[in-house]
Amino acid sequence: MKKDKAAKQRKAARKRWMRLIKKQISGKRKSKKRSLEKKKQEKRLKELLQQYGTDILKSDNFLKSEKYIQHGNVSVMRHSISVAKHSLLLAKHLGIKCNKRDLIRGALLHDYFLYDWHSKEHAGLHNLHGFYHPGIALANAKKEYRLNRRQSDIIKKHMWPLTVVPPGYKEAWIVSAADKYCSLMETLHLHRGGKRRKR
Ligand SMILES: [Fe+2]
Ligand SMILES: [Fe+2]
């Protein structure tokens, strides 16, 4: 009788182990699938940015904005790229059909003010940066690129409600929302793949 009981206990323990191992294997498979999907999504986002914004991404002034901090430890350049990617993701998740070219170009140029707003030089105007930088970004962008109405609206209204007049295109609403989300994540150091740097 004792032998039977011990055999039953061993069998039950073996089953428990098998269940645990199977659970772990399936969990690993799921997380592997998720990370593959994320890689695929990131690759697609990069391709879209290259397709519609390669001239901006390679331009001297855009590359120069890597020197300027936007929020937390994230540069203006990385912030702008992140806003463009999150704008595409937001449009996709909400099922909003929009003009991808304008969405990307507007997002890449939305903070094209080309100065370090934390520097002593701009310290006096520091508190007003939020109000005046969309206008400066638009003027700078117009000097280098031919902007259509939608792209201009994205840049000009991205700080709404500070800009008072609300965005006039769905693309501008999307970029404004993505900008707020990215800014919050960067300020709280919660953004993905953000590199922490000493200021
Ligand atoms: Fe901005
Ligand atoms: Fe921004």
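**Confidence and helix packing in the predicted model**

Where pLDDT is low, the predicted coordinates should not be read in detail. The protein as a whole averages a pLDDT of 90, and 93% of the residues score at least 70. The structure is a predicted model, in which local features need pLDDT of at least 70 and side-chain atom pairs count only at pLDDT 80 or more, whereas totals for chains, interfaces and linings use all residues. Residues are numbered from 1 along each chain as its sequence is written, while chains are lettered from A and ligands numbered from 1 in the order in which they are written.

Helices are DSSP runs (H or I, at least four residues) numbered from the N terminus. Helix α3 (residues 76–94) packs against α4 at an angle of about 150 degrees, with the two axes 8 Å apart; axes are lines fitted to C-alpha atoms, for helices over the stretch in contact, and angles run from 0 to 180 degrees between N-to-C directions. The helices α3 and α4 are therefore roughly antiparallel to each other, the term applying to angles over 145 degrees. In this pairing, S80, V83, A84, S87, L88 and A91 of α3 meet K100, L103, I104, A107 and L108 of α4.

On the α3 side the contact is made by H79, S82, V83, H86, S87, L90 and A91, and on the α7 side by I174, V175, A177, A178, D179, Y181, C182 and E186.

Helix α6 (residues 149–157) is mostly covered, with seven of its nine residues buried, namely R150, Q151, D153, I154, I155, K156 and K157; a residue is buried if 20 or more other C-beta atoms lie within 10 Å of its own, exposed if 12 or fewer, and partly exposed in between. The cover over these buried residues includes α4 (100–109), α5 (129–144) and α7 (170–187). By contrast, A7, which is found in helix α1 (residues 2–57), is exposed, with 10 other C-beta atoms within 10 Å. The C-alpha atoms of A7 and H118, 111 residues apart along the chain, are separated by 72 Å.

Methods: Helices (H or I, at least four residues) and strands (E, at least two) are DSSP runs, numbered from the N terminus. Two residues are in contact if their C-beta atoms, placed from the backbone, lie within 7 Å. pLDDT is the predictor's confidence in each residue, from 0 to 100. Angles under 35 degrees count as roughly parallel, over 145 as roughly antiparallel, 65 to 115 as roughly perpendicular and the rest as oblique.
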